[in-house]
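Here's a quick briefing to get you oriented. Have a look at the structure first, then read on.

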Amino acid sequence: MNKTELINVRLNDEGSAVIILDQTLLPNEEKYIELSSAKALFEAIYTLRVRGAPAIGIFAAYALYVLARQIKSNSYDEFTGEVLKQSSYLESSRPTAVNLSAQLRRMENLIKNPPSRNIPEILDLMREEADKIYNEDVQMCRAISEHGLSLIKDGFGIMTQCNAGPIATSKYGTALGPVILGHEKGLKLKAFICETRPLLQGSRLTAFELGRIGIDSTLICDNMASIVMSEGKIDAVFAGCDRIAANGDVANKIGTSSLAILAKHYNIPFYIFGPSTTIDLNCATGDDIHIELRDSTEIKEMFFTKQMAPNEIKCYNPSFDVTKNSLITAIITENGIFRNGLAP
């Protein structure tokens, strides 16, 4: 396995548990953990041990298969009812990323419409389907990376937001994919990594990934983006996405819309990268996207040795914001580069 092939989600050899790279421990410790109970699988998504829209979808598919294996019933109806119950439980862990619900629907549809009602055969099909979801994401990420590579030149400075590399997906990543692929092809690129509050996914994860590969990277605080852009260091902004509405509005990690506004002011191209599975045609606009609110301790305490805000202070801690399509230069999926929202 080379440095761009850090496999962060997979089944164990017996198929009885999901193995993940615990992203909450990065960058200080690379630790893989094995999960098999419904509570542990739910907690892994909720606490962001596994994160990144595509990776969550892959994880959920494998998790549902693991939980289905544990059901002690020979009745198809009882088996199906319990699988659907577990699927609903997993889905409730995080509401914003569409991949979670989309891949669970895909697994549910397989169970609801099986070629036979033989439960061992259905379990085999579930594992095959989960493997397909993983392998399809590998191909999608490669295609996204190839399309994105056409947008950059040798010597480019690229600002990143959140984390959209291999550990958020299956392999190359989405928004980081072109940077990693360009580096492999010999381009000299410079990455400017926003720390990405409140969970510091830029400083903890993107910096970890790009640093281990050897890409020239500079970490900045989120509120430094404007001065870095004004100094002429940025040729493009690359951001991932958790949900794309039908009109081309995009939900991504908090701070993305701020970068889009700044990029427009400084006349810097602002690109969104994501697999087509993040497109939600049932969601008309970004106003219809449910924004996940998280605990105040992630602002006041997490990653600090001491609490860094008064106990009594109120906190507003949304994990995502919505970037309007008018601020987006192009959306890049595995199907190509779309410069007018989702219109070809």
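Two strands pair if DSSP finds at least two bridges between them. Helices (H or I, at least four residues) and strands (E, at least two) are DSSP runs, numbered from the N terminus. What you're looking at is a predicted model, where local features need pLDDT of at least 70, side-chain atom pairs count only at pLDDT 80 or more, and totals for chains, interfaces and linings use all residues. Residues are numbered from 1 along each chain as its sequence is written, and side-chain values use heavy atoms, with hydrogens and water left out.

**The whole chain**

- The chain has 10 helices and 14 strands.
- Its C-alpha trace spans about 65 × 50 × 40 Å along the principal axes.
- The radius of gyration is 20 Å, which agrees with the value near 20 Å for a compact globule of 344 residues; it is taken over C-alpha atoms, and the globule rule is 2.2 Å times the number of residues to the power 0.38.
- Take the contacts (heavy atoms within 4.5 Å) with a separation of 6 or more: residues 24 or more positions apart account for 75% of them.

- Four strands line up in the order 11-8-9-12, with mixed pairing, to form an open sheet.
- At the edges sit strand 11 (279–280) and strand 12 (320–323), each pairing on one side only.
- Strand 9 (residues 250–253) pairs with strand 12 in the antiparallel sense, over four bridges.
- Within that pairing, F320 in strand 12 is the bridge partner of K253.
- Helix 9 (residues 256–265) lies across strand 9 and strand 12, at about 35° to strand 12; axes are lines fitted to C-alpha atoms, for helices over the stretch in contact, and angles run from 0 to 180 degrees between N-to-C directions.

**Strand 13 and its neighbours**

- Strand 13 (residues 330–333) is covered on both faces: A330 and I332 are buried on one side, I331 and T333 on the other.
- Strand 10 (residues 270–273) runs parallel to strand 13, and three bridges join them; here F273 has I332 as its bridge partner.
- Strand 14 (residues 336–338) runs antiparallel to strand 13, again with three bridges.
- Strand 13 and strand 14 form a hairpin with two residues between them, and T333 stands opposite G336 in strand 14.

**Helix 7, a bent helix**

- Helix 7 (residues 201–213) has end C-alpha atoms 17 Å apart, which agrees with the 18 Å its 13 residues should span at 1.5 Å a residue; the expected span is 1.5 Å times one less than the number of residues.
- Helix 7 bends by about 30° at A207, the bend being the angle between axes fitted to the seven residues ending there and the seven starting there.
- Helix 7 is mostly covered, with 10 of its 13 residues buried, among them R204, F208 and E209.
- The cover over those buried residues includes strand 4 (157–161), helix 6 (177–184), strand 5 (190–194), strand 6 (216–220) and strand 9.

**A buried serine**

- S87 belongs to helix 3 (residues 76–91).
- S87 is buried, with a relative accessible area of 0%.
- Leaving aside residues up to four places away in sequence, S87 touches L64, L104, R105 and E108.

Terms used:
Buried means under 20% relative accessible area, exposed over 50%, partly exposed in between (1.4 Å probe, protein chains only).
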